Amino acid sequence: MTIGEVIRRSTDWLAGKGSDTPRLDAEVLVGHALGFERIRLYTEAERPLTPEEVAQCRALIARRGDLVPVAHITGHRAFGRLDLEVTPDVLVPRPDTEVVVDVVVELAPPGAAVVDWGTGSGAIALSVADLRPDVTVAGLERSPAALAVAVRNLAAYPALAGRVRLLASDGMAAVAGERFDVVVANPPYLVPGDLDRFPALRHEPEPALVAGPLGTEDHRRVAAEAADVLRPGGLLILEVGEGQADAVDGILVGAGFGGIAVRPDLAGIPRAVWGRMPPE
Ligand SMILES: C[S@@+](CC[C@H](N)C(=O)[O-])C[C@H]1O[C@@H](n2cnc3c(N)ncnc32)[C@H](O)[C@@H]1O
């Protein structure tokens with residue numbers, strides 16, 4: 001079989017197994033098995049594979065057929081300008097979250113002190129620090145295993161080390177008493193039944209995904225905690241799930257935030273909701 005044939009067959013097989021990006025998955029995994037950049041899969045599409053190479057590709061594609069995230073199979077995932085280590089201990093960083101990063105990067109005042117509540121792999125914290133060299137970021141994480149992944153990701157970008165702190169923290173506990181200009185969070189926002197509805201999520205950590213029966217319990221918690229640590233005029237920027245924007249708007253208003261605004265993701269789904277504390 002040639003590289004092109006393996007990719008075509010894998011694409012068809014993965015489509016039947018429920019992958020919503022079968023061609024992309026096949027290319028990334030075949031490229032990973034062969035140690036190739038994706039462009040080389042095209043320039044060498046007619047090259048025949050050895051039986052060993054076919055077996056290596058098959059082993060990776062078979063795992064994806066069980067809906068193991070591609071990032072768990074390859075061990076990393078691109079997020080914005082960064083390439084992040086990903087393990088089953090952290091949420092796989094999603095392109096949707098890049099919209100939230102965009103809002104922080106646009107709206108954080110010069111020299112801002114930023115908190116990333118629930119940093120997981122460090123995706124938001126490291127991207128904000130990368131794109132805004134004037135800000136400092138505290139990434140807070142309750143799961144020790146997830147925090148260890150974030151720490152390794154920060155170590156891979158030594159230029160950010162002086163401006164990013166990664167702290168074990170339940171909520172804002174580790175930064176109580178400090179004051180910030182921006183709080184950003186992509187909190188858990190699913191309801192328990194969602195895990196049965198979306199089998200693709202079954203390999204990711206449940207505490208990173210599920211909030212409670214409403215789905216907005218952690219948004220409410222972050223809003224209350226943010227109101228305590230933000231300076232007057234400070235910003236709270238939250239990622240929301242599909243259909244949650246109105247509820248989270250109400251939660252922000254109830255916690256004392258004003259000027260509520262919303263930005264959609266690339267699919268047009270409202271994804272970032274933000275508001276501001278009143279000025280002094
Ligand atoms: C949806 S994931 C987001 C991870 C990462 N920020 C991202 O956008 O890819 C939510 C993260 O919040 C963390 N978390 C949940 N409850 C928390 C709490 N009370 N305090 C700190 N972190 C929490 C979870 O462990 C998980 O890593």
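Is Asp218 buried or exposed? Asp218 is buried, because its relative accessible area is 15% and the limit for a buried residue is under 20%. The model described here is a predicted one.

**Asp218 and its surroundings**

- Asp218 belongs to helix H11, which covers residues 217-229.
- Apart from neighbours within four places in sequence, Asp218 is in contact with Trp117, Pro187, Pro188, Val210 and Ala211.
- Between Asp218 and Ala247 there are 12 Å in space, from C-alpha to C-alpha, and the two are 29 residues apart in sequence.

**The sheet**

- Strands of a sheet pair through backbone hydrogen bonds, and the pairing can be parallel or antiparallel.
- Strand S9 (residues 270-276) pairs with S8 in the antiparallel sense, over 5 bridges.
- Ala261 has Trp274, in S9, as its bridge partner.

- The buried residues of H7 are Ala123, Ile124, Ala125, Leu126, Ser127, Val128, Ala129 and Asp130.

- Side chains of opposite charge can pair when their charged atoms come close.
- Glu85 and Arg152 form a salt bridge through their side chains, at 2.7 Å from N to O. This pair links distant parts of the chain, since Glu85 is in strand S2 (residues 82-85) and Arg152 is in helix H8, 67 residues apart.
- Glu85 counts as partly exposed because its relative accessibility is 26%. Arg152 also counts as partly exposed, at 40% relative accessibility.
- Arg94 and Glu204 form a salt bridge in which the closest N and O atoms are 2.8 Å apart. Arg94 is in the loop between S2 and helix H6 (96-107), while Glu204 is in the loop between helix H9 (194-197) and helix H10 (206-209), so the pair ties together parts that are 110 residues apart in sequence.
- In this pair Arg94 counts as partly exposed, at 25% relative accessibility, whereas Glu204 counts as buried, at 9%.
- Asp181 and Arg231 meet through their side chains in a salt bridge of 3.0 Å, N to O. Asp181 lies in strand S6 (residues 180-185) and Arg231 in strand S7 (residues 230-239), so the pair ties together parts 50 residues apart in sequence.
- Asp181 is buried, with a relative accessible area of 18%, while Arg231 is partly exposed, with 36%.
- A network of salt bridges links Arg40, Glu44, Arg47 and Glu53.

**A charge over a ring**

- Arg40, one of the residues in that network, also lies over the face of Phe36, at 3.7 Å from the ring centre.

**Backbone angles**

- Most residues other than glycine have a negative phi.
- Leu67 has a phi near 65 degrees, which is a positive value in a residue other than glycine.
- Leu67 is found in the loop between helix H4 (51-65) and helix H5 (70-74). Leu67 is buried, because its relative accessible area is 10%.
- Gly268 takes a positive phi near 85 degrees in the hairpin of S8 and S9, where 5 residues lie between the strands.

How values were computed
Residues are numbered from 1 along each chain as its sequence is written. This is a predicted model: local features need pLDDT of at least 70, side-chain atom pairs count only at pLDDT 80 or more; totals for chains, interfaces and linings use all residues. Side-chain values use heavy atoms; hydrogens and water are left out. Buried means under 20% relative accessible area, exposed over 50%, partly exposed in between (1.4 Å probe, protein chains only). Helices (H or I, at least four residues) and strands (E, at least two) are DSSP runs, numbered from the N terminus. Two strands pair if DSSP finds at least two bridges between them. A salt bridge is a side-chain nitrogen of Lys or Arg within 4 Å of a carboxyl oxygen of Asp or Glu. A charge sits over a ring if NZ of Lys or CZ of Arg is within 6 Å of the ring centre and within 35 degrees of the ring normal. Contact means heavy atoms within 4.5 Å.
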